[in-house]
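Me: I am new to this structure. Please show me how to read it, one feature at a time.

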Amino acid sequence: MLKKKILVVEDEAIIAKDIKKCLELIGYEITAAVATGQEALESLNHNKPDLVLMDIMLNGPQDGIETADAIKLRFDIPVIYLTAYADEQILERAKITEPFGYILKPFEETELRTTIEIALYKHKLQSRLKENQRWLSTVLMSIGDAIIATDREGCIEFINPVATNLTGYTQETALGKHINDVLKLEGHSNVGAVCTHSFKPDIKDMVVVSKAGDKIYINGRISPIINETGSLEGTVLAFTDITEKKLYEENLNNQRESFISVLLHDLKTPVIAIKGYSNRYLEGKAKTDKEKTDILKIISGASGDILNVIETTSHSLKNKNTLMAFNPKELKFNELLASVLNVFIPEMEKRGIELIVNEDTALQPLEEMPVSIIGDYYQVKTMTENLISNAVKYANKLIKIKLQRIGNEVFLSVEDDGRGIEQCYHDKIFEEYFQTPESVKGTGLGLYSVKRVVEKHKGTISLMSVVEKYTRFEIKMPCIK
Ligand SMILES: Nc1ncnc2c1ncn2[C@@H]1O[C@H](COP(=O)(O)OP(=O)(O)OP(=O)(O)O)[C@@H](O)[C@H]1O
Ligand SMILES: [Mg+2]
């Protein structure tokens with residue numbers, strides 16, 4: 001086993017010689033025996049011992065206590081004081097330098113040996129403890145979660161960089177502060193209360209308000225620090241920033257909600273058609289066989305539309321596609337418009353509304369003026385239905401429809417003579433769920449869906465309206481030459 005090395009600092013030559021001899025006899029190695037503080041520090045620079053035996057009363061500019069203080073600052077070496085008398089005042093001064101022991105002169109060999117062995121052992125334990133603390137602190141500092149430890153009263157004793165980033169306080173400003181002044185949880189003004197109780201609830205979906213006022217969603221745990229006697233020493237709070245996850249979930253929920261609302265909205269028009277036309281049939285309004293067949297064709301077409309919505313939706317869900325399927329194909333807009341108008345005829349008749357299509361263009365009926373576009377049949381149909389259903393809903397006596405080709409564009413205009421839309425709502429009218437205060441039923445999704453479809457087809461939509469006179473929506477979309 002390697003001999004433990006000792007530096008002896010003693011200015012009385014005879015005593016120094018004695019100590020040296022005694023130590024060697026016990027089995028220690030002496031790195032040096034010096035008489036002044038300065039010599040001691042120089043010796044330490046060259047040859048490091050495991051322990052220093054230091055006479056308190058040294059001659060020279062530095063006494064033993066000052067020298068021990070300097071050693072403590074620069075080296076991690078335990079010091080034992082040698083002293084001839086136990087003067088209270090001197091001992092008080094010596095205590096501040098945290099010595100590992102005192103030996104009173106004259107000393108016995110066994111006393112010397114025991115004090116040195118205890119000091120070496122204590123120092124070894126202390127070094128291990130320091131090492132553990134360093135390791136733990138490095139782990140806590142580099143961990144991805146925010147960690148704050150408080151004492152029994154809730155004052156912060158430790159805070160890692162993730163927690164300082166989250167709360168907006170630096171380590172320097174946070175340490176020693178009460179947890180309530182650093183960790184501000186929305187709706188929970190007294191986090192500190194849980195630090196002083198052994199009951200620790202979980203932190204779930206809570207919101208931290210940082211020093212700058214930012215809101216951060218967190219999840220985490222509060223755990224008590226219990227000492228060996230079983231009493232509460234303090235509290236550790238560990239939490240994770242879940243803001244991104246939370247926003248993602250919120251966005252997903254909004255998308256789902258919006259999808260379901262649009263879906264139900266789209267199903268409504270064919271159901272209205274089926275209801276209107278079957279009533280017409282039952283009321284005996286279809287006299288000839290042709291009229292009866294026409295009604296059944298419309299009912300069959302509307303049922304087909306419902307089936308189509310159900311099938312495309314299940315297909316999208318099964319394949320985890322985007323919720324708004326887009327299958328552009330060549331489609332005849334004039335035919336599509338005619339079939340949509342047909343759906344609303346019973347309702348218009350019931351309300352005594354006159355429908356005029358392409359009045360002033362001196363153009364042919366819709367069936368005879370082909371206008372083709374590349375578009376998603378289902379989406380374009382829903383778009384047209386939404387515009388016409390609004391016109392039917394708000395018209396007094398008249399609806400005017402215009403479908404034209406202007407250059408490379410198809411131009412659709414839907415106008416009614418209803419109450420109009422006040423100018424102040426024009427900017428908001430295409431927003432999801434927006435309805436003017438005097439709206440009649442509905443969800444406020446129709447025009448939102450119209451705008452999305454128009455944009456998807458690289459078209460534009462505009463609104464012109466004069467209150468109590470008319471409302472006109474105009475759509476332009478690229479068409480096939
Ligand atoms: N032709 C119109 N005349 C007067 N106001 C209209 C007209 N079209 C739309 N609006 C106003 O715009 C709002 C939004 O229309 P939108 O079609 O988006 O919703 P909605 O018709 O109320 O409900 P739904 O979701 O059933 O279509 C309506 O609530 C209404 O106030
Ligand atoms: Mg509508």
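Me: Which helix gives the most to the shell around ligand 1?
Reply: Shell residues have a C-beta atom, placed from the backbone, within 6 Å of the molecule. Helices are DSSP runs of H or I, at least four residues, and strands are runs of E, at least two, numbered from the N terminus. Here α13 gives the most, with four residues. This is a predicted model: local features need pLDDT of at least 70, side-chain atom pairs count only at pLDDT 80 or more, and totals for chains, interfaces and linings use all residues. Residues are numbered from 1 along each chain as its sequence is written, while chains are lettered from A and ligands numbered from 1 in the order in which they are written.

Me: How many residues surround ligand 1?
Reply: The count is 22, and the closest are Gln435, Thr436, Ser439, Gly442 and Gly446. Helix α14 (446-456), like α13, supplies at least two of the shell residues.

Me: In what order do the strands of the open sheet run?
Reply: Strands of a sheet pair through backbone hydrogen bonds, either parallel or antiparallel. Pairing requires at least two bridges found by DSSP. Here five strands run β12-β14-β15-β17-β16, with mixed pairing. β12 (354-357) and β16 (460-466) are the edges; each has a single partner strand, so one side of each lacks a neighbour in the sheet.

Me: How many bridges join β12 and β14?
Reply: Four, in the parallel sense; β14 covers residues 398-406. Glutamate 354 has leucine 398 of β14 as its bridge partner.
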